[in-house]
Amino acid sequence: MIVRTLADARASDRNVAAPGWESARLLLKDDGMGFSFHITTIHAGAELPMHYKNHQESVYCISGEGSIEDLATGQVHDIRPGTMYALNLNDRHILRGHTEMVMACVFNPPVTGREVHDETGAYPADRAA
Ligand code: 9YT
C-alpha cells in the first residue's frame, strides 16, 4: 500500500513548478500503478496552451474557476469545482485560470516525474514504457 500526503509531496522533489502552474505528483510511473496522479495548481491569470500527444489525461477541478478551449473546435468550456474534462483524443487545448485553480489530474501512461512541456505543449513519450 502507498500512503502519501499532499503536504509531503509539495515539500519534496515530487513537486514541479513551471510558469503558470505547479504540480505535486502523488503517484509516478515508478509506483507501478499504470497511471500517474497529480494535484496541480493553475495560477490566476495563467494561459497554458497544451497538447499531450503522448498521454491521455483527465482533470477534475477541486477549487477555482477557469476555462478550457478546445483548439480543434474553438469551443470554450467553463471549469469550476465539480467539472471534469478528459483529453481522450489527445486534444490540443488552452487552459485558462480566471482564479487560482486546484485540479486533480491523472495521466495514462504515467509520467515519470522529469517531464517538462516542449515547444508544442507536449510531454515526451516515455521511451522505456
Ligand atoms: C491541469 C493540467 O493540465 N495538469 C497537467 C499536469 C501538470 N502540468 C503536471 O503535473 O505535469
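Modeller: Helices, at least four residues of H or I, and strands, at least two residues of E, are DSSP runs numbered from the N terminus. The model is predicted.

Colleague: Where does Arg14 lie?
Modeller: Look at the elements on either side of Arg14. They are a helix, α1, and a strand, β1. Arg14 sits in the loop between α1 (6-10) and β1 (15-18).

Colleague: Is Arg14 buried or exposed?
Modeller: Its relative accessibility is 16%. Buried means under 20%. Because 16% falls under that cut-off, Arg14 counts as buried.

Colleague: Which residues does Arg14 touch, leaving out those up to four places away in sequence?
Modeller: Contact means heavy atoms within 4.5 Å. With that cut-off, Arg14 touches Arg4, Ala9, Ser23, Ala24, Arg25, Leu26, Leu27, Leu28 and Asp31.

Colleague: Which backbone oxygen does the side chain of His51 reach?
Modeller: His51 is in the loop between β4 (47-50) and β5 (56-63). His51 is buried, at 18% relative accessible area. At 3.1 Å, its side chain reaches the backbone oxygen of Asn90.

Colleague: Which strands stand at the edges of the open sheet?
Modeller: Four strands form this sheet, in the order β4-β9-β6-β7, with antiparallel pairing. Two of them have a single partner strand each, so one side of each lacks a neighbour in the sheet. These edge strands are β4 and β7 (76-79).

Colleague: Which residue in β7 stands opposite Gly66?
Modeller: β6 covers residues 66-70. β6 and β7 pair in the antiparallel sense over four bridges. Opposite Gly66 stands Ile79.

Terms used
Residues numbered from 1 in each chain as written. Predicted model: local features only at pLDDT ≥ 70, side-chain atom pairs only at ≥ 80, totals over all residues. Heavy atoms only, no water. Buried < 20%, exposed > 50% of the residue type's maximum accessible area, 1.4 Å probe, protein only. Polar contact = N/O pair within 3.5 Å; in protein donor to acceptor, adjacent residues only side chain to side chain. Pairing = 2+ DSSP bridges.
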